[in-house]
Amino acid sequence: MNKKILIVVVLVVVIAAFFGLDLGRFLTLEFIKAQQAEVAAYYSAHPVATIAGFLVVYIAAVAASVPGATILTLAAGALFGVVMGTAIVSVASTVGATLAFLASRYVLRETVETKFQKFLAPINAGVEKEGALYLFTLRLVPAVPFFLINLAMGLTKMKTWTFFWVSQLGMLFGTIIYVNAGTQLASINSVRDILKPGLLGAFVLLGIAPIIAKKLVDFIKARKVYAGWQRPKSYSRNMVVIGAGAAGLVSSYIAAAVKAKVTLIERHKMGGDCLNTGCVPSKAMIKSAKLVEQIQHASDYGLANAKADVDFAAIMARIKRVIADIEPHDSIARYTALGVECLTGSAKILSPWEVEVTDAQNNKTVLTTKNIVIAAGARPFVPPIPGLADVVPLTSDTVWNLTALPKRLVVLGGGPIGCELTQCFARLGANVTQVEMAPRLMVREDADVSAYVEAKFRSEKVDVRVGHKALAVERRDGQKCLIVESANGKEAIPFDEILCAVGRVANMTGYGLEELGIVTNRTVEVNGHLETKFPNIFAAGDVAGPYQFTHTAAHMAWFAAVNALFGKFKKFTVDYSVVPWATFTDPEVARVGLNEQEALEKKIPFSAHRYGIDDLDRAIADGTATGFVKVLTSPGKDNILGVTIVGDHAGDLLAEYVLAMKHGLGLNKILGTIHTYPTMSEANKYAAGVYKRSTVTHGQMQFATAYQTWMRGEAGFGSVLGAVGALLSDKRQYYTAPEAHPAPAEGKAAH
């Protein structure tokens, strides 16, 4: 029998016996008082046996969460005295509570986490940070039923040892009160005689004292960090935002929406990297490059003599037009109309409440503000490779200034940016060599993902050099060359242009952070509320990390703005539990949550369910039948731990899984949802079908076969009964269907 089921059965039997046999009558004040003399005599004759028996009964009552612990505590005082009684009850109550805690964790936590993952994540974060304090507080307040505390804490990730010692300490005060009262058992007629209103109030005050103390400490810390700074008597603004990228735009928009006076400062262009040098131009180039590739394979679609001459200058001009078409969404005019004051210039924080703005004419203006949001973004990292700076390398910021297609292009970096630009330039006609120091491209993804992308690149004549370290840039025979080293030795790769795509670094210099002592490492260090060391100075987006995506920057901006403007009433902890991302190569790669290599690194058990898109009707019809959907779940469960999709429109397909993970929906819900036929979205349903088939056991298939055979009259009912035995005894032996193709859609002929 399953161990969890066995524990539940034992608990149910114990509780049923307690109430069914009216065992509670032995744990009443009247019974204890009536038996006091007799039990005292037995204790005098058999002290060890009495203590041992009392411990067993007390531990069992608490572990099973049945009534009676209070009466037993009084009995301990009457029988053993204050010192011995307190020691016995303290040990027994803590052990019993810990057993209830462990039973709740073992039996219920996995199910609860699966169903309520969204709600438990912030609770677990709070427990990890301050769980001991809150448990101690709850233990001090007798108004909170202790058995509920035991069960509730078992559902969190609190360490067992922490629960044990905090419970023992927290319950000690109440234990002493009740044990001491038990020494006067004869004068007690009701438990209410013990907890008078005044004493109960004292307990409550004692319970909330740690919280009050913590708030006071936080207040003192906040005051201390501002020591030496002169606070303005008044503020001209509620918020100043530095940087008009995704995080800055969203922060200022929210502030204006709630009628705060907000100033947005940008020294370059509104819209930040995403609009001007990142997402928008790269996707415009990807579209042109993909169209070129499709025309080159037009014969696959029945089109003869189709050809295209690439006009690189025209493609770059189109990219600029696309940027110009989107610019109004992020423009000064639009945000001014929304109520945001937009200033062009460089910003420097002079004090926790003052920001200096320097315009193009070197005019300086000092703004006073209640809150500051740093949203300064990031820039491409150019590695310190000898000779690289001398050839003026391209980056994802400057590549858009090209007007002529490089004949020979070297791309440094095998991450998302490097891979997207590598494929684009190769499809537009450049001879591209991609150099990556790691053993494969896109090392954050699973190895099978890297293999798909690399195979596609090689098929498009990209010279992929994984496991190659860039050593230097030199001129040899009048040519610029990148010197690389691999397992095969050193080699010179000639090029006309070299593009650095090896990552991005946060913009943290020039904003006064060093002078204020704001901690910076790879990014500006912030807490869960996105506060820096100064509670009124926040950071969001690429400058704060941990993800450098436009959508996460916007996500963080909401928390920064709301905490800045309304933090006195309620502060929100930024939630990174479900963060999707996509790399827009062909095939696209999209992911949310864990992949296999991360699950293995973190030692998180999982089952992987993979559906090949080469099987999907719409993909076959579109000529894009390549890639897969891979879903990770907890073993034997349908809850989604993570999803990786490789294939056409992978970024769009991922949205269904992001929604499911955010709201705790499992694969059974996706499987039970109608998906339009024929669409790429059916891949998600079929991946859920792969999971469902993996849960079918040999016993279930044997029973189904026997039942249907009996229904046809081809076998007796005895065969069904025999199959029932197989069904009950074969739950762990899973059945692999010989045909893994999904069931035909309604109105569609089977293959």
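Me: Is F101 buried or exposed?
Reply: This is a predicted model, where local features need pLDDT of at least 70, side-chain atom pairs count only at pLDDT 80 or more, and totals for chains, interfaces and linings use all residues. Residues are numbered from 1 along each chain as its sequence is written, and side-chain values use heavy atoms, with hydrogens and water left out. Buried means under 20% relative accessible area, exposed over 50%, and partly exposed in between (1.4 Å probe, protein chains only). F101 has a relative accessible area of 0%, so F101 is buried.

Me: How many aromatic pairs does the structure hold?
Reply: Rings of Phe, Tyr and Trp (its six-membered ring) pair if their centres lie within 6.5 Å. Planes under 30 degrees apart count as stacked, over 60 as edge-to-face and the rest as tilted. The number of aromatic pairs in the structure is 18.

Me: What kind of pair do the rings of F101 and F163 make?
Reply: Their centres are 4.2 Å apart. Their planes stand at 15°, so the pair is stacked.

Me: Which helices hold F101 and F163?
Reply: The two residues are 62 residues apart in sequence, so the pair ties those parts together. Helices (H or I, at least four residues) and strands (E, at least two) are DSSP runs, numbered from the N terminus. F163 is buried too, at a relative accessible area of 0%. F101 lies in α4 (residues 69-115), and F163 in α7 (residues 160-182).

Me: What kind of pair do Y547 and Y576 form?
Reply: The ring centres of Y547 and Y576 are 5.9 Å apart. Their planes are at 55°, so this pair is tilted.

Me: Where do Y547 and Y576 sit?
Reply: Y547 is partly exposed at 21% relative accessible area, and Y576 is partly exposed at 25%. They are 29 residues apart, and their pair links distant parts of the chain. Y547 is in the loop between β16 and α17 (550-566), and Y576 in the loop between α17 and β17 (580-583).

Me: Which residues do ring pairs link into a cluster?
Reply: Look for Tyr, Trp and Phe rings. The cluster is Y226, W229, W353 and F534.

Me: Which element gives the most to the nonpolar patch?
Reply: Y707, W710, M711, F717 and L721 make a nonpolar surface patch of about 490 Å². Two or more residues come from α23 (698-711) and from α24 (717-729). With three residues, the top contributor is α23.

Me: Is L721 buried or exposed?
Reply: L721 is found in helix α24. Its relative accessible area is 53%, so L721 is exposed.

Me: Which residues gather in a patch of positive charge?
Reply: Lys and Arg count as positive and Asp and Glu as negative, while His and the chain ends are not counted. One member, K370, is in strand β6 (residues 364-374) and is partly exposed at 34% relative accessibility. The surface patch gathers R223, R231, K370 and K568.

Me: What separates the C-alpha atoms of L138 and G170?
Reply: L138 is found in helix α5 (residues 117-140). L138 is partly exposed, at 28% relative accessibility. L138 and G170 are 32 residues apart along the chain, and their C-alpha atoms are separated by 8.0 Å.

Conventions:
Patches are made of residues with over 30% relative accessible area and no salt bridge: like charges are joined within 9 Å, nonpolar side chains (Val, Leu, Ile, Met, Phe, Trp, Tyr) within 5 Å. Accessible areas come from the Shrake-Rupley method with a 1.4 Å probe; for residues, only the protein chains shown count as cover. A salt bridge is a side-chain nitrogen of Lys or Arg within 4 Å of a carboxyl oxygen of Asp or Glu. The place of a charge is taken as NZ of Lys, CZ of Arg, CG of Asp or CD of Glu.
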